[in-house]
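Hello,

Here is the structure I promised to pass on. Please open it and keep it in view while you read my notes below.

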There are 2 protein chains.
Amino acid sequence: MSSPASAPNYGELTRIYTRLYRYNHLSAIVGWDRNAMMPPGGSAARAAAEAELNALIHRTRTDPRLAGWLRTAEQENLDDIARANLREIRRDWRDANALPEALVEAKTLAGAKCEHAWRGQRQANDWKGFLENFREVLRLSREEAKLLADDTGLAPYDALMDRFEPGVRAADIDRIFGDVKTWLPDLIVKAQEKQRKEQVIAPKGPFPVAAQRALNIEVMTLLGFDFTAGRLDESTHPFSGGVPEDVRLTTRYNEGDFTRSLLGTIHETGHARYEQNLPRAWLGQPVGMARSYGVHESQSLSYEMQLARSRQFCGLIAPLLCKHFGEQPAFEPDNLYRLWTRVKPGYIRVDADEVTYPAHVILRYEIERALIEGAIEADDIPALWNENMQALLGLSTRDNYKDGCLQDVHWTEGAFGYFPSYTLGAMYAAQWFAAMRRRTPDLDARIAKGDLKPVFDWQSKHIWSQACLWDTPALVQRASGEALNPKHFQAHLQARYL
Amino acid sequence: MSSPASAPNYGELTRIYTRLYRYNHLSAIVGWDRNAMMPPGGSAARAAAEAELNALIHRTRTDPRLAGWLRTAEQENLDDIARANLREIRRDWRDANALPEALVEAKTLAGAKCEHAWRGQRQANDWKGFLENFREVLRLSREEAKLLADDTGLAPYDALMDRFEPGVRAADIDRIFGDVKTWLPDLIVKAQEKQRKEQVIAPKGPFPVAAQRALNIEVMTLLGFDFTAGRLDESTHPFSGGVPEDVRLTTRYNEGDFTRSLLGTIHETGHARYEQNLPRAWLGQPVGMARSYGVHESQSLSYEMQLARSRQFCGLIAPLLCKHFGEQPAFEPDNLYRLWTRVKPGYIRVDADEVTYPAHVILRYEIERALIEGAIEADDIPALWNENMQALLGLSTRDNYKDGCLQDVHWTEGAFGYFPSYTLGAMYAAQWFAAMRRRTPDLDARIAKGDLKPVFDWQSKHIWSQACLWDTPALVQRASGEALNPKHFQAHLQARYL
């Protein structure tokens, strides 16, 4: 990455962003520690230390000199990578500077208050109580969206979504989700019909934690995780953290059920490999980061959905299960495959299978977009939720807020514009595997033999090495030869479930 | 701790030092992580992030506004604790500001070069090679001592030592070590004579790591370690790290020998309890920190030497050994006691028993003081080393630099003035236990029954709760009713070894 003598302003920017990268390193490691290692007595002191670091990071991102450097750097002689880096620096700078501090603070406070009360209100099915706090969160989120819209020239919801999926617009989502809605409800019904005849044997526990951990590590190794540059530990809420040079995965063990930890670890390994394989030469600068939430999710779902739940991969995992837990009929590959591809509409998004999951996302997208645009009010949510759940999954959530519109943490904190990324990730993943199969026609046969190199090579060339060189639509076009096309996701579900 | 409206300058200082406390929290946690958790691939990025944080901490401690606030805060109306805090802030400020940055940098570079080369030179017994780098380290250390002396009005070696033992002077050390030299060589000979008749049974391994860890945790619990505010993990070089609110101990396991890990963990637990019991209300300010290196070592040696190697404590540990490793003759309490109190003069300080250890420290103190004062040159070290080892321990190190003057890391990095703290710690510990026995005449009987409350209560009242309220000599006087008196250490050794 060039920072020639002829580009002194760009040079100043890269120096600041190198410093930010190091501050963020500290933040990532102490954050991982808080979740995976810290005893409860450390939490007050840690909160103070992390708040101090966050304030420092904020001061650095809002340094008044940045605006001038950004303006003049645009005129400097930069190569393509430096220019992409400058674009990403501007994105980050805008993100940090677009909103007045009073609004950021008010929204943080209102979000924290709403989120905190929500934990109890969800249990108590207390929609009325939730509304009292949530109206303020929504008001501030609309104000935020409006200011971001003024700043970017985008529509308000687009401006929110652009922070998670650069370049993707609500018009794209409408086109894609509109297509999905034409075939998904029918596919869900047919998949269930087909599965009604299947016999599925449940695995018999207990599955000791040490054996589960050894299994997870073996599968992570099979999936290419680099243990010289990362770790696997435990936390209540599993995540992929750390830094690209040292990725920290966590999982949670339940001795009665190894599947959740195993598939969760495979999911996080997908995130981890993206981070571990970002281009080394660009690390430290924004252009060297992972592209977006949706693209990140496409990597985790490539491993969890495309790979791990395939019949081929079940054949690879079966002997590992026998090795670590002893043999049992449930570990037969065909049975594992049936087990890991069950379709069952349910109320809860995070428990949903890959077929019904998009329905959960579509209904949230439609509601949150209307909320931000002012087409509906907070009071309208439950009725719309119930209506959409009926239409998409045939389930009623009337008067059941707990398992309906109160189930997610996102809105409580005012995180609007994020939900589409989950399903975009699933769709990108299907599109990536379609592209891989065009390039490697015997891909599935090779996966069945344990040869994952064609997958890794494709990811490396088209996703990992590209980091933030392009915005999301351009990355998708370059990687797969076309814009995001929901037909690949549909074809994947049809092939697997019909 | 007061920061009244009438003390605005003092208030500014406490705000800066609260910020520093939080930065140091981040530093402690990522430092622990580097030693106990980080995979090797993370080290370059971590080094950069830690260097950035160190630079930030340095900038904060050398903020030009501090000098003025310090001057004016002296005139403000402060209570005793605030005044002690102001004294400690001035100490820290002086430590950060007394030396020109060019000197600090030159010494860091020369020290790193010397230390790096020393690792190989020590193995190769290459004194000549070492000298080439060490002369520069010594030259810069003398310059440092001179500048610190000018700044504090102390003699050069005193100025160095004051950073580790506030208020302790070379004249005190001369008095104390002079006393020790009159009786120690004879005591070493007599202890060995007495032990020559004893039969000692060596424990038979292997001792599985999981069992050693469980044993360590049980003994830490017996010693009052608070696991809701700390952890025990593993690292190559065991240490006590983290922050007072969240203390991170590490140990190293060898399946052939549980003793080193067990006694090492007990040692670190002594450090840990000091940190865990610093006064909560003062945490975040310098007055709330542990007093000094020597006082800290007195806490670890109180547990390792005074408690753990006593006959009473061996009686407490014996059943735990049987529980975790199964019964064997070596675990009989009298045998454990003989095993853990063997006296044998040797070349290596870190392997020395508590009787011969002071000899190692005395010889280093005499040489390093003469080096700093310019009474000798680096070339004179080996002859003096050999002469002192002969006089104190009856061992020759002629031409054996590897096991002589090349064995320690301290001087390679220019850390002069630190060695006395080790033996001061042992002496304080003996003096503390003498004071405890005056207050609790049946102390040993109570320890034998597993009742350690009188020990903990005394430590809490006289050491832990006092933090940095007094300088070291005043703390010693208040805690034990007299200045440091080597007779307590002598009496302890006589009672245990003669």
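Chain A has 20 helices and 3 strands. Its radius of gyration is 23 Å, and the globule rule also gives 23 Å for 498 residues, so chain A is as compact as a globular protein of that length. Please keep in mind that this is a predicted model.

Some overall figures for chain A come next. Its C-alpha atoms fill a box of roughly 65 × 50 × 50 Å along the principal axes. Of its 498 residues, 43% count as buried. Now take the contacts between residues at least 6 apart in sequence. In chain A, 73% of these join residues at least 24 apart.

Next, look at one helix pair in chain A. Helix α5 covers residues 101–124, and helix α6 covers residues 127–152. They pack at an angle of about 150 degrees, with their axes 9 Å apart. An angle over 145 degrees counts as roughly antiparallel, so that is what α5(A) and α6(A) are. Their crossing is left-handed. On α5(A), the contact residues include Leu103(A), Ala110(A) and Trp118(A). On α6(A), they include Phe130(A), Val137(A) and Leu140(A). By class, this contact has 10 nonpolar, 4 polar and 5 charged residues.

Last, the two chains. 29 residues of chain B are in contact with 29 residues of chain A. On the chain B side, α1 (8–36), α2 (43–61) and β1 (230–234) each give two or more residues. The largest share, 8 residues, comes from α1(B). By class, this side of chain B has 16 nonpolar, 5 polar and 8 charged residues.

Best wishes

Terms used: Residues numbered from 1 in each chain as written. Chains lettered and ligands numbered in written order. Predicted model: local features only at pLDDT ≥ 70, side-chain atom pairs only at ≥ 80, totals over all residues. Axes fitted to C-alpha atoms, helices over the stretch in contact; angles between N-to-C directions. Helix = DSSP H or I, 4+ residues; strand = E, 2+ residues; numbered from the N terminus. Parallel < 35°, antiparallel > 145°, perpendicular 65-115°, else oblique. Left-handed = near helix turned anticlockwise from the far one by under 90°. Contact = placed C-beta atoms within 7 Å. Nonpolar A, V, L, I, M, F, W, Y, C, P; charged D, E, K, R; others polar. Rg over C-alpha atoms; globule rule 2.2 N^0.38 Å. Buried ≥ 20, exposed ≤ 12 C-beta atoms within 10 Å, placed from the backbone.
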